[in-house]
Amino acid sequence: MRSALRSAWTSRSPRERLVILVAAAVLGAASYVGLLYAADRARTQLGTSVAALRTQAALLEQRAAEHQRLRAAPAPAVSPTDLRTLVREHVDAARLSGTLTLLEAPDAEHVRVAFGVLAFADWLNWIAALQAQHVRLEAVRIEALAAPGLVSVTATLARTGPQ
């Protein structure tokens with residue numbers, strides 16, 4: 001193969017050899033410029049990706065620090081008041097008294113509530129506030145009403161932690 005190439009090269013005239021060398025040099029230079037262009041584009045794209053990843057990493061570090069801070073903080077104390085009083089206070093604080101149709105305590109650890117018509121978002125906020133006081137839902141029935149976002153709720157609440 002090598003001898004075939006050498007014989008092909010020597011069979012060419014000096015002018016043809018010069019043209020072949022110039023064409024090879026132009027092709028090599030064009031390939032090199034193409035590679036440089038592709039590398040520059042990739043570097044630019046990677047630069048923007050690195051900036052976005054650094055932002056995400058900083059956000060994750062902030063969230064991790066917040067998570068550690070919250071884990072280290074003591075849990076809110078269980079309210080020493082009886083469950084019925086606690087539920088009534090939260091109903092009043094959330095301004096849901098007008099929709100409350102039932103509030104009874106079958107025993108010291110359970111309370112049954114029923115709401116006639118209330119916004120589902122208000123219900124979720126009210127339950128979240130109770131869960132912060134170590135009160136959990138033991139049973140619940142939520143019925144969607146004709147008006148969007150309004151529900152009727154019947155629930156049994158129980159205390160989760162020691163009193």
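These legends go with a set of views of a predicted protein model.

**View 1. The whole chain and its order of elements.** Start by counting: the protein chain holds four helices and four strands.

**View 2. The overall dimensions of the chain.** Along its principal axes, the C-alpha trace of the protein chain spans about 110 × 45 × 30 Å. How does the radius of gyration of the protein chain compare with that of a compact globule of 163 residues? The globule would have a value near 15 Å, but the protein chain has 38 Å.

**View 3. The largest nonpolar core.** Now look inside, where the largest nonpolar core brings together 20 residues. Val87, Val113, Phe115, Trp123, Trp126 and Leu157 are the ones with the most contacts inside this core. Which elements each supply at least two residues of the core? They are helix H3 (83–93), strand S1 (100–107), strand S2 (110–119), helix H4 (120–131) and strand S4 (150–159).

**View 4. Buried residues and contacts along the sequence.** Of the 163 residues in the protein chain, 18% are buried. Take the contacts between residues at least 6 apart in sequence: 53% of these join residues at least 24 apart.

Notes
Residues are numbered from 1 along each chain as its sequence is written. This is a predicted model: local features need pLDDT of at least 70, side-chain atom pairs count only at pLDDT 80 or more; totals for chains, interfaces and linings use all residues. Side-chain values use heavy atoms; hydrogens and water are left out. A nonpolar core is a set of buried Ala, Val, Leu, Ile, Met, Phe, Trp, Tyr and Cys residues joined through side-chain atoms within 4.5 Å. Buried means under 20% relative accessible area, exposed over 50%, partly exposed in between (1.4 Å probe, protein chains only). The radius of gyration is taken over C-alpha atoms; the globule rule is 2.2 Å times the number of residues to the power 0.38. Contact means heavy atoms within 4.5 Å.
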